Amino acid sequence: MASWQFRSWLSNNLRRVASCSVSTQAALPKNTSAAFSLIRSQPSQYIVASLAGRKYLLAPKDLLTVPHLKDVRVGDVLALQDIHEVGSRDYTLRGDPVISSSRVKVDATVVEHTKGKMEVVFKKKRRKGYQKTIKNKHPYTRLRIGSIEFPDPSNP
């Protein structure tokens with residue numbers, strides 16, 4: 001597609017999008033406290049949190065499998081520190097880069113330490129008689145995500 005064709009196509013589609021009217025407008029909160037109260041009033045919430053070097057989209061009662069966490073036992077409760085985003089069906093609040101732990105508290109309970117499926121790696125060199133089979137199971141930790149709490153920042 002030539003650049004002039006693309007520009008023509010883009011301008012036609014932009015006109016089409018601009019002519020569409022949106023009938024439902026959500027009320028935008030004035031400040032972060034109002035945003036937290038709006039998210040709290042929604043029936044279900046979610047968070048995006050970093051755990052073991054990766055970001056996960058989590059909701060209450062989720063079962064999360066992460067690479068093995070050392071120094072934790074079954075039954076330990078971990079407080080998630082790096083929460084990047086909190087949201088509900090209609091509202092989302094993103095941190096810069098994280099949301100303060102005094103604003104959002106989420107606990108995760110260690111359910112079990114387990115291993116993944118057996119991984120088999122077969123190595124061979126032609127005409128040399130070299131054959132090698134490597135078997136491995138990666139260790140994992142399973143966590144149960146608790147409820148998402150929004151403590152009032154005015155009450156220490």
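Thr65 has Arg142, in strand 10, as its bridge partner. The structure is a predicted model, in which local features need pLDDT of at least 70 and side-chain atom pairs count only at pLDDT 80 or more, whereas totals for chains, interfaces and linings use all residues. Residues are numbered from 1 along each chain as its sequence is written, and side-chain values use heavy atoms, with hydrogens and water left out.

Five bridges join strand 3 and strand 10 in the antiparallel sense, where pairing requires at least two DSSP bridges between two strands and strands are DSSP runs (E, at least two residues) numbered from the N terminus. The open sheet has four strands in the order 3-10-7-4, with antiparallel pairing; strand 3 and strand 4 (77-79) are the edge strands, since each pairs on one side only.

Beyond its neighbours within four places in sequence, Leu143 is in contact (heavy atoms within 4.5 Å) with residues including Leu51, Leu63, Leu78 and Val110.

## Aromatic pair

There is one aromatic pair, the criterion being ring centres of Phe, Tyr or Trp (its six-membered ring) within 6.5 Å, with planes under 30 degrees apart counted as stacked, over 60 as edge-to-face and the rest as tilted. The ring centres of Phe36 and Phe150 are 5.8 Å apart and their planes lie at 50°, so this pair is tilted. Both Phe36 and Phe150 are buried.

Note on methods
Buried < 20%, exposed > 50% of the residue type's maximum accessible area, 1.4 Å probe, protein only.
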